[in-house]
Amino acid sequence: MRERLERWVGDPGLVGGALLLALVGIGMIWSAGQLDVPSVATGIWRRQLAWLVIALFVFAFVSRVPLRWVELGSPAAYAVSVALLGAVLFTGGGRGGTSWFQFGAVSFQPAELAKLGTILMLARVLGNRQEQDPRLVSLWRPLAITIVPFSLVLLQPDLGSAITFGVILVGALFWAGVPLFTIFMLVSPGVSLLLGFSVAVWGGWFIMVVGLIYLRRPYLIEGVGVVVANLAAGLIASPLWNQLAEYQQNRLLVFLDPGRDPRGAGWQLIQSQVAIGSGGLFGQGFGDGPQKRLSFLPEQHTDFIFSVVGEELGFLGVLILLAAFAWLLRRMITTATLATNEFGNLVVFCLFSVWFAHLLINVGMTVGLMPITGLPLPFISYGGSFLLMTFVGLGLAARVAIEH
Amino acid sequence: MMRKRNGRGAAARGLDGIRPGSGRHDTVGAREAALKVRAGRARGATILLWVAMSILLVSFFRLQILGREQYELQSEENRLRALTIPPPRGTITDRNGRLLAENVPGYSLSVLPGPVDTVRATLLRLAPHVGLDDDEVEELVAEYRGRPSSSVVVRDNLEPAQVAAIEQRRPEFRTAVIEMHPRRYYPPARQIAHVIGYVNEINEAELEQPQFEGYESGRTIGKGGIERQYERELGGTPGVHFVEVNARGSIVSEFAPRPTIPAVPGGDIELALDLDLQAMADSLFPDTMKGGVVAFDPRNGEVVLLYSHPTYDPNQFIGGISSADWARLRDDPRQPLLNRASGSLYPPGSTWKLVVAALGMRAGVVTIDTHMPQSCTGAYQYGTRAFRCWKHVGHGNLSLAGAIKESCNVFFYQLGLRLGLDRLLAGVDGLEFNGRAGLDLPVEARGQFPPSREWYDERFGRRGWTESVTLNLSIGQGETAQTLLRMAQFYGALAVGGSPPIPHLRRSEVLDARRADWSIELPDEQRRQLLDALTRVVNEPGGTAFAYRPSDYVVAGKTGTAQNPHGEPHSWFVGFGPVDDPRIVIAAIVENGHPDNTVSLAVPLATSLMQAYLRTEGVPATGIPYPRPGSRPTPTVPAPGTAAPAGAPTTGATTTGAGG
């Protein structure tokens, strides 16, 4: 029985956990539609259920495709997804930007597809790397592969998704065994950019970067290059800040100080915290959260669905759901570790990185640990194409488990 | 444990699995190294996962377990809106328990707080149903901006049809609240307007005042008269009713988890006022004329009558007076809003002569029988100027008693001069004619009388005036002006002796016991001599009020004719009765009511009101102390409650007519 299951889905624990989370997601979306006032979320759980059925078929299909074929098709998938990302900038719609295509009632975010395409392409390139080379230059190909979709997504503008591309790259390099110091050098200008808001904090970071480079003595040109890049990032941080859309600025500012604009940008975070906090240990009861029912909770079926979990199922519900996620993610690491196929285990680890980042950013923002971005919660948040892409990823992971 | 085994297993399997096809020895070493790295990375990722999960859990623990109470409260505050339950105001009754102010069911319309644009849109949609114009909408929006956390009261007095119209379109007006609430109603309407005041919503300025501390916007308060004076007692305490609203401020449920706090009704107040007397004053008052009348019990100060004419209907102020009605009242040249009984000043005219007489007797410069050196020949020569008496042919030589009875100016000119300006000013000041009677209404005019010579110096310059001002001051003209109430208080002091009571509208033993801190300080015998003279004014032929003496009671009083720059002289009467045991002291004025010496409109008004009051109070009719001359026809005295012609009868009286 178990062997049969393993032949079918590779890792029954992984797929079972994912399916369970998706079903919990359907339940939470049902609850997100239970309001005392008219809401777009009323009744959408049926659509999500339909999407889940489709996603399961897609999962079954993907998990039947040999990894070799997938690896061969990677450049094509990457090229198509990048092309779609370019196209959506001109023809797409979306909140405060252009991030999705609309086909009748169905909308589709090419960024989700591009994440998969980028993962596949990175896995193919890194999986074929012959030797460890500590030089930064040796990473030009993965870097180039990531930069293209990253920039296109940033143009939408969708900061949250752009960050996930960075997470994919770092995850892939990490798993591919690139020395940590090399990754550090690669990432450090980005950190400089984030810390640029404060001269003191950035200064401290910069001194640390210089010190580490001096101690580790990388190639001179690269070391100098990284220092210069950090310097430049620190300098352009504030002009770049002014380039951000106002709602993006507000989200980041509110993250630092929620009371800054309690009726405006701070509203979502405050209402989310109130919803979660008033849930207590056992919650207000499934479907009965007053914050949600009276529509104080914004985006209760998508970005803030975890706040509904907190309000209605309480700390116990949060604990169980987070444990389920931890289980799933843990299985992903295990699958990646067990996989003998280098392309395959890189794909699985990248999927782990993306889901982990989504979880951390989405759940973190509901309690104020993370700035508010539009990143949905995998398996739980409402959104058909997102669920579909998640299950394509799950299919790939299952295939990797089947083939090891 | 599990993690380690998995990691090792991966390394073991990876040995063969990684990079298939390469079998060289040095690559095997490199492969082993790579696998070691891989195992470390897996461990690192797992640790990162646990750390991140722990941080998330700690955050949720802090919010949900440690912060639960605070967030639950915040969640409730989010969705609960407190609606005020207006308390029923206390009723106000007259001395016989008849309702002067009561509460009837009324409907108010208010809009719940929310975004300003939503509030404005709701108001605009409500406008056609409740008759708001654009300016009024903007006013309400401005008011809401000032207090964004409280509801906007749109209308306080919806008609049932308007209520129905809004209820039928309920889905359009999710944030509109119609509440039934007690509405003020004054059954006697115009008869009591100046006493009762009115109620309306508290305004911005009043909210800042210390006397309205703790009041919230939207609250109905007394805006004048008794309603304002006793607001704290009448007002009661509002209750609170919680409703559940959604993020847009629409009511979702009328039943909130917090209990309703009921309103505490206001206390009832009983006035000393006699509603019948008010009604009679209203019907007797010469309709085209202006003036007022006030009466109180000289024993305890209970005000039984306070009426000002023309009057208005205070009910039109309830729930907000329309701007058209308000403009009509405000711009009416007859000034119906003015309280002429206690809020207006008039030259006291001849009613003042008793003040001068009392001061003269107290100073010892005159007794009741004293004659003045110069007989009255119709005028008195002082310096280069002739000061006239109202009776051009003259009164001849009169004693003080006669001069009071016939109101001879020439006598009082000489009395004033004999008393001297200094003693006159000081004496009047001692009687506090520069002050108020102390009535329990928010507004009472303060009497005016020159306090000292310096006052004249400041006003006219040191050389700008002469002692001749004494002459005018002696007959109640010139630089003095008093309220009806203040003059009545003086006559009350004269009638019963000692310090007079402080007139008060509310029935209260505490108020009954209060006394003014001045008295006439005249020995009882001399005071009675003055009373006797005042009795002759009404009851003896030749007395200036003889034509209007009441049939049942012996009353005393003094007529007055106040010269004024606004046309014909005002007609005054101040009196009390019965003389033996005064139960009422009354002061009345009819502006421009003394066109000639045969008509003095205030006198019949006052005497008939006095008689009516004494009858209803059950005071036994007394005999007539002075024989009625048989030849004289009985003067018409209106029976109480009947609308007798208020104009002065001209029944053959030759020597009657008001003094001047």
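Let me start in a loop of chain B, the one between H16 and helix H17 (453-460), where Glu432(B) lies.

Gln335(B) sits in the loop between H12 and H13 of chain B, and it is partly exposed, with 14 other C-beta atoms within 10 Å.

While we are on the backbone of chain B, there are two cis peptide bonds to point out. One joins His309(B) and Pro310(B), with omega about 0°, and Pro310(B) belongs to the loop between strand E12 (303-309) and helix H12 (323-331). Another joins Gly577(B) and Pro578(B), with omega about -15°, and here the proline is found in the loop between strand E16 (570-577) and strand E17 (584-590).

Now to chain B as a whole, which has 22 helices and 17 strands. Buried residues make up 45% of its 660 residues, and if we take the contacts with a separation of 6 or more, 73% of them are between residues 24 or more positions apart.

Which helix would I pick out for its burial? I would pick H15(B), residues 409-419, which is mostly covered, with 9 of its 11 residues buried. Among them are Phe411(B), Phe412(B), Tyr413(B) and Leu415(B), and also Asn409(B) and Gln414(B). What do these buried residues pack against? They meet helices H13 (353-363), H14 (400-406), H16 (421-430) and H18 (469-474), together with strands E13 (379-382) and E14 (385-388), all of chain B. After H15(B) comes Gly420(B), whose phi is positive, near 90°.

Let me turn to chain A, where there are 16 helices and 2 strands. Of its 404 residues, 53% count as buried, and residues 24 or more positions apart account for 70% of the contacts with a separation of 6 or more.

The crossing is right-handed. From H3(A) the contact includes Trp51(A), Leu52(A) and Phe59(A), and from H16(A) it includes Leu387(A), Phe391(A) and Leu394(A), with Arg47(A) and Arg399(A) also taking part. By class, the contact of H3(A) with H16(A) divides into 14 nonpolar, 2 polar and 2 charged residues.

In the other pair, helix H7(A), residues 159-175, and helix H15(A), residues 342-366, have axes that also come within 8 Å, but here they cross at roughly 140°, and H7(A) and H15(A) are therefore oblique to each other. H7(A) passes H15(A) in a right-handed crossing. The residues that make the contact include Gly160(A), Gly171(A) and Trp175(A) of H7(A), and Phe349(A), Cys350(A) and His358(A) of H15(A). This contact has 10 nonpolar, 5 polar and no charged residues.

How do the two chains meet? The contact takes 37 residues from chain B and 39 residues from chain A. On the side of chain B, the elements that give two or more residues are helix H1 (2-17), helix H2 (25-66) and helix H3 (68-79), and H2(B) provides the largest share, 18 residues. That side of chain B divides into 18 nonpolar, 13 polar and 6 charged residues.

Finally, a word on confidence. The model scores ipTM 0.93 and pTM 0.64. Chain B averages a pLDDT of 84, and 89% of its residues score at least 70, but the confidence in chain B runs from a mean of 40 in H1(B), the lowest, to 96 in strand E11 (residues 291-296), the highest. Over residues 1-24 of chain B the pLDDT is below 50, and beyond near neighbours in sequence this stretch has 31 contacts in the model. Over residues 628-660 of chain B the pLDDT is also below 50, with 76 such contacts. Where pLDDT is low, the predicted coordinates should not be read in detail.

Conventions
Residues numbered from 1 in each chain as written. Chains lettered and ligands numbered in written order. Predicted model: local features only at pLDDT ≥ 70, side-chain atom pairs only at ≥ 80, totals over all residues. Buried ≥ 20, exposed ≤ 12 C-beta atoms within 10 Å, placed from the backbone. Helix = DSSP H or I, 4+ residues; strand = E, 2+ residues; numbered from the N terminus. Contact = placed C-beta atoms within 7 Å. Nonpolar A, V, L, I, M, F, W, Y, C, P; charged D, E, K, R; others polar. Axes fitted to C-alpha atoms, helices over the stretch in contact; angles between N-to-C directions. Parallel < 35°, antiparallel > 145°, perpendicular 65-115°, else oblique. Left-handed = near helix turned anticlockwise from the far one by under 90°. pLDDT = per-residue confidence, 0-100.
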